[in-house]
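Student: I would like to learn how to read sheets, domains and interfaces from a model. Please take one feature at a time.

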Amino acid sequence: MTALFAADGNRGRAFDPGAAAARATEAILRDTLHGAHRGVVVDSPPGAGKSTLVVRAALELAAAGRPLMVIAQTNAQVDDLVLRLAEKDPGLPVGRLHSSDPDPYDKALDDLPNVRKSTKAGDLAGLDVVISTAAKWAHVKDVEPWRHAIVDEAYQMRSDALLAVAGLFERALFVGDPGQLDPFAIVGAEQWAGLSYDPSASAVTTLLAHNPELPQHRLPVSWRLPASAAPLVSDAFYPYTPFRSGTGHGDRRLTFGVASDGSGPDRVIDEAAQAGWGLLELPARHTPRTDPEAVRAVARVVRRLLDRGGAAVSERAEEPVALTADRIAVGTAHRDQAAAVRSALADLGVPDVTVDTANRLQGREFDVTVILHPLSGRPDATAFHLETGRLCVLASRHRHACIVVCRAGVTQLLDDHPSTEPVQLGVTVKFPDGWEANHAVLAHLAEHRVPWRP
Amino acid sequence: MSLIAALARLEAVRSGRAQPAATVRHRHLSERPLVFVPLTTAGEAGAPLGALVGTERDAPRLLVVPQPRDRDLRFAFLADLADIVLPHIDAYACSVETAERAETDPETGKRVKVEVDLCADAPQLIVPSRAGIDLVRLLGRSMRFRRTAEQDPEAPHPAPPHVPLLGRWLTHFGERARVPGSSLLLALTEVLTRHWASGQSSLEDQHLAALLAWIDPPAGASGADAAVRAELARDEDGQLLCPPAGPATDPAFDNKLLAPAIERYDRARTRLAAAEDGVEADDRFGDLTAAEQEIRALVASRTRPTWDAVWHGLDLLRALPEGDHVADRWTRDRWSFTGHRDRVAAGEPPQPRRDDAVTAANKLATREREQARLEAQEALDDPLVMAGRRLAGEAFAGEVLDVVMTYSEGKRPSPRPLVTVRTGDRPHLGERTKVYRSLDGKPQAAEFVGDEGSDGDGAGDFLVVLRIVDKMGRGKEPAPGSVPEKGDRVCFTLFEHEQRGGAKLPDPEETPWTHGGPPGEADAVPRPDPMTEEDVL
């Protein structure tokens, strides 16, 4: 593992990330606009410009005189896409189909003159682009099918959700990140495991099982992840579909105005600023989920990040940009952990820092993230805590540095709990499994370890 | 495991007795449940060895397959089982009441109310443990595609009459048991663990005798000791004092007692077949009967303790008052039972081997909805369950400190009272989080406006300000009783009390290309393996 990372400095020499990404995008658009297949699948690693691709594909389809529907998974994603479309082409007639709940969409959409909003698909007929969530589209009946659709976050969409909407379009572009959290069901679905149309599987799994001939593309460059993070995330979570960072080692820097006070949190901040990764290791101990010491340590790291006057240098701006609360996020595995961190931050007088679970951080981007390791303090490693996607989401939200807070002994825990999930006939085994991915990440973090006894 | 469940288990360990996990009974229990305690043969999937079955606790019917590998004997067992189970089902299928159901009118496409029959009650099947439910499913699958001589005179090994029908019903019970909160087919260990938390692991809780030892230990003994005894204690012959609830049997029993008895039976049968004259045959027939009686006695000795334990468990559960929403969920079971009764009566074919894409998606959606409904209803029915949700930050209870009347903006201002609640709970409230309380059985919604921090009395309480948004009538002033008053005790939940129906999926013949097209088409569903000699029982 280590050798791989060390060699990375030479990796990007002859590689022009901009050109590689442009080539991939061209091929995707060619298949989408002129291909013979009913579907095109695009795998996109974290921060590879998935939304940019969706917006561009939508604009090109609209420009070619082909009205389309866009299916996203959450209302926030839908609103974000509408805003991006309007930003790129303010004159484009866009329909925002929404639910009849109170406040169904972002108020910012009201300021866009060419965005029409309605609860009925009929009101939006004839517009170039109509966007809504999969849940809302499922209620649309008795309309002429669209010739084109774009399905965003298709790997996070469940097969049964696609079943409900697939009758609305003739052909579609499916875009998503295979490494993130798989969709889940709140009841057991083992009964259908191994069936090609298992309703609890991801939409892409079902689509490809029935249509293996569909062209599959992938975006080769992560613009979000720094050069320090892309190799680790690529090797640990995307071993068969590697990607690179769009920036080099010198392109991003994180500096602090206030010198370290020598405490654990300050030392791990300096390590992460320098190396991109930092592991603040607390003494081994079995703890409840909301481990008070670990939660306080997370809050303390965030407090010091803000107190020390951080500044981030990146390709985005000429001048260093101040590291403010809105550029920092805390990620946890469970909601009660997030709640505990929020309350610990409030005690330290830190407002406005995003604290959420992996599920809710999907698709978001920050300069620095502080994560509470999913296995920290646990006596066992369950499938939930081992899920590859959970760790992948947590470890791939940052542009500059990621600080992991964890109790010692997780490596031992992993060795004591090899994966024991039953193997189901007909189900493609997912590689890498969480056990493997966790080991890969821990092995790398061990080089940036700061032991600390609070 | 939730925090409150972990606490209850710790307390159970300390006190040596299972702790209540519920104050009311959350599952329907029939007046006359049909209890089924099956045993299977080791080494052959789903081959029944015998069963105790019946509705009378003092008079179970014992069914035994003296040579489980003999398929004729197996069929005889299934036929006997059908003769007990089907009349029980029929008794419920006949008694109906009239109910209303919304259906889509085929001509106008509108939803209209139609009057249909609904069975006044439904039969309930109880097995000792989850493995028993799996066996019910397996038996159902092995029987429902069989053909009787009447259905197909050419069939090489016709099944006895009623066996395929029993297979369809067992399949229905097994499938219904996957729906959260349903009670048509219950595994007793699962119902007991819903209502009591023992001091052992959930794996150990699947041992009925051990679980009962925790819940109702013998006088003077600790539950932990009694459970260990139930699990491990053996007599001088090496046999378990408390046989496992099955359907699998203890290997010591198989090797030391059952295998020799079956061997004696086989020998007696061979000798009978070789008998040369009537007198000799009579003699040897006596031997065969004796050998069979021996096996029957063995099976009875291994099922009777479980049978008694099941009724003991039912007694314990019956002592709890039924939760308010249990009848509502049982009505859904009655609809499910009535629906299957109608499908059988209409001559529809047996349930397919595999669900098609649309059926699978519909089932999953229904079960997810029922799971959410069950969780909400259990919390509303039971303060102990609600306490668990409060501890998890998903609900909060407290006293109303203040009510300030405000009104919504717009042409017709509606009341939007601001209610301040003092609570000691720590709900996970975000900006404008929706919360709900039960008002005369209907959910009333409010939104979180803000918290005013602690009220400074040092008790760790804090003040939550909510804006009530509905169920206050149409007038400018809220309907009487629809707004909490100062001093009221209120309990709000962050989860919804009622579940919305999902979107309608396409019909199976409209299955889209992403899911392989309509199921009838060539490569849509993988074909089952071709029938071979071994497939025919």
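Tutor: Start with a pair of strands: strand 12 (residues 277-282) and strand 19 of chain A are paired in parallel over 3 bridges. Strands pair if DSSP finds at least two bridges between them. Strands themselves are DSSP runs of E, at least two residues, and helices are runs of H or I, at least four residues, both numbered from the N terminus. This is a predicted model, in which local features need pLDDT of at least 70 and side-chain atom pairs count only at pLDDT 80 or more, while totals for chains, interfaces and linings use all residues. Residues are numbered from 1 along each chain as its sequence is written, and chains are lettered from A and ligands numbered from 1 in the order in which they are written.

Student: Which residue is the bridge partner of Leu280(A) in strand 19 of chain A?

Tutor: Val450(A) is that partner.

Student: In what order do the strands of this open sheet of chain A run?

Tutor: The order is 16-15-17-18-12-19, with parallel pairing of the 6 strands. Strand 16 (354-357) and strand 19 (449-451) of chain A are the edge strands, each pairing on one side only.

Student: At what angle does helix 12 of chain A run to strand 16 of chain A?

Tutor: Axes are lines fitted to C-alpha atoms, for helices over the stretch in contact, and angles run from 0 to 180 degrees between N-to-C directions. Helix 12 (residues 335-347) of chain A runs at about 165° to strand 16 and lies across strand 15 (328-332), strand 16 and strand 17 (366-372).

Student: How many strands form the open sheet with the order 4-3-5-2-6-7-1-8 in chain A?

Tutor: That parallel sheet has 8 strands. Strand 4 (115-118) and strand 8 (216-218) of chain A each have a single partner strand, so one side of each lacks a neighbour in the sheet.

Student: Where are the domains of chain A?

Tutor: Domain bounds come from an automatic or database domain assignment. For chain A it gives domain 1 (18-222) and domain 2 (229-451). Their centres, taken over C-alpha atoms, are separated by 29 Å.

Student: How many residues of domain 1 of chain A are in contact with domain 2 of chain A?

Tutor: Contact requires C-beta atoms, placed from the backbone, within 7 Å. By that criterion, 17 residues of domain 1 of chain A touch 24 residues of domain 2 of chain A.

Student: How many residues of chain B are in contact with chain A?

Tutor: There are 25 in chain B, in contact with 26 residues of chain A.

Note on methods
Two residues are in contact if their C-beta atoms, placed from the backbone, lie within 7 Å.
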